[in-house]
Amino acid sequence: MNDLALLLTSEGRALLDEVRGTAPADELAVATRLRRDHPAELVSAALGQARLRQRAAAKFAATDAERMFFTPNGVEQSTRTTVAAYRAERFKELGVTSVADLCCGIGGDAIALARAGIRVLAVDRDPLTAAVARANAEALGLDELIEVREADVTEVDTAGYDAVFVDPARRGGRGRIFDPEAYSPPLSWAVGAARTAARAALKIAPGIPHEAVPAEAEAEWISDGGDVKEAVLWFGTGAPGAVRATLLPGPRTLLGRGLPDPRVRPVGRYLYEPDGAVIRAHLVAEVAEDLDGGLIDPTIAYVTADEPRPTGYASAYEITDQLPFNVKKLKALLREREVGTLTVKKRGSAVEPEELRKKVKPQGPHCATVFLTRVAGAPTMLVGQPL
């Protein structure tokens with residue numbers, strides 16, 4: 001709290017501007033120089049904040065990150081801007097004009113909601129986190145739309161808001177928490193809060209078991225740039241029980257059609273690797289049907305087909321070789337093809353990609369991708385090229 005108070009002074013803000021972009025290797029020299037004219041505590045706080053802003057640029061737009069304030073946990077746990085903006089747009093499309101953002105953290109989601117024109121009550125029980133969220137709303141000129149309140153979310157009256165958004169803490173002293181009832185607050189409480197609102201969204205870990213999703217909720221898995229970021233339980237969308245996978249940028253959304261498991265078939269000329277959000281949402285069958293394809297193994301989420309078809313929900317490869325798992329044979333094949341750049345992907349294999357790469361020692365001007373997987377239960381190597 002003291003560091004934040006120092007940084008919010010005119011001297012602190014000026015110092016933040018001065019240390020912007022300081023490289024880690026230069027911090028000692030910069031600190032030594034600045035301590036001649038500024039208190040050591042302020043210099044340390046400014047350099048620490050500059051370091052956090054540099055880390056935050058991976059999640060927030062650089063122009064925002066260099067004006068915002070962060071804590072180490074805030075950078076780690078905050079929602080990526082692209083994901084927060086997408087969710088805010090969904091709220092807007094549902095006709096929501098005000099949201100109670102419970103467990104708001106440093107304010108990433110509140111900022112996205114406010115930028116969508118939605119009034120926000122942002123609540124967090126940690127004094128420093130709430131203070132940082134308030135400072136961020138002011139720094140980005142959104143304080144007229146965002147009210148930050150330091151309080152226990154379980155004691156906040158949300159009756160005056162169109163919707164509730166809950167982002168429970170999913171990290172503890174020992175790291176990531178996998179049991180939804182060990183979230184803070186527990187998922188059961190968040191579901192109860194959602195049921196009291198006309199609209200609601202609960203941000204949860206993407207690994208949540210499907211059987212833990214309430215029957216009246218719509219479940220959405222979201223990836224950004226191919227990385228699965230989160231799952232969201234939506235209430236009040238008019239689609240209870242619906243399942244969707246949303247891929248950013250885009251967005252591109254695949255809706256579940258309640259299909260049975262895809263058929264298993266021999267490897268065809270083309271292999272499709274579904275996006276992680278598609279896999280988490282259990283929508284591989286939808287991708288397989290759209291591609292007129294099937295699985296290479298009943299337990300492996302690779303789809304194979306005989307004809308190439310465009311899809312926004314899977315990466316496509318043309319397969320040139322199918323081999324039983326054998327490092328020597330693979331090494332000989334890569335040498336013959338003069339493959340020097342080898343991408344190794346695996347699903348259903350215990351072999352580590354880097355370990356295999358060291359053994360085959362690829363050399364040459366060409367590129368290839370090898371899939372370490374199972375085909376009809378047998379360890380197999382599929383070699384090909386991305387389309």
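How many disulfides does a search of the whole structure find? The search finds 0, where a disulfide is a pair of cysteine sulfur atoms within 2.5 Å. Before we look at the details, please note that this is a predicted model, in which local features need pLDDT of at least 70 and side-chain atom pairs count only at pLDDT 80 or more, while totals for chains, interfaces and linings use all residues. Residues are numbered from 1 along each chain as its sequence is written, and side-chain values use heavy atoms, with hydrogens and water left out.

Let us begin with two cysteines. The sulfur of Cys103 has its closest cysteine sulfur in Cys104, and at 8.2 Å that is too far for a bond.

Now to the charged side chains. A salt bridge is a side-chain nitrogen of Lys or Arg within 4 Å of a carboxyl oxygen of Asp or Glu, and by this rule the count comes to 25. One of them joins Arg67 to Asp64, with 3.4 Å from N to O. Arg67 is partly exposed at 37% relative accessibility, whereas Asp64 is buried at 6%.

Other pairs reach across the sequence. Arg90 and Glu218 form a salt bridge whose closest N and O atoms are 3.0 Å apart. This pair links distant parts of the chain, 128 residues apart: Arg90 sits in helix α7 (residues 81-93) and Glu218 in strand β8 (residues 218-224). Helices (H or I, at least four residues) and strands (E, at least two) are DSSP runs, numbered from the N terminus. Both Arg90 and Glu218 are buried.

Your next stop is Lys345, which forms a salt bridge with Glu273, the closest N and O atoms being 3.2 Å apart. Lys345 belongs to strand β16 (residues 339-346) and Glu273 to strand β12 (residues 270-274), so this pair ties together parts that are 72 residues apart in sequence. Lys345 is partly exposed, at a relative accessible area of 23%, while Glu273 is buried at 14%. Finally, salt bridges with shared partners join Arg87, Asp109, Asp167, Lys203 and Glu230 into one network.

Key: Buried < 20%, exposed > 50% of the residue type's maximum accessible area, 1.4 Å probe, protein only.
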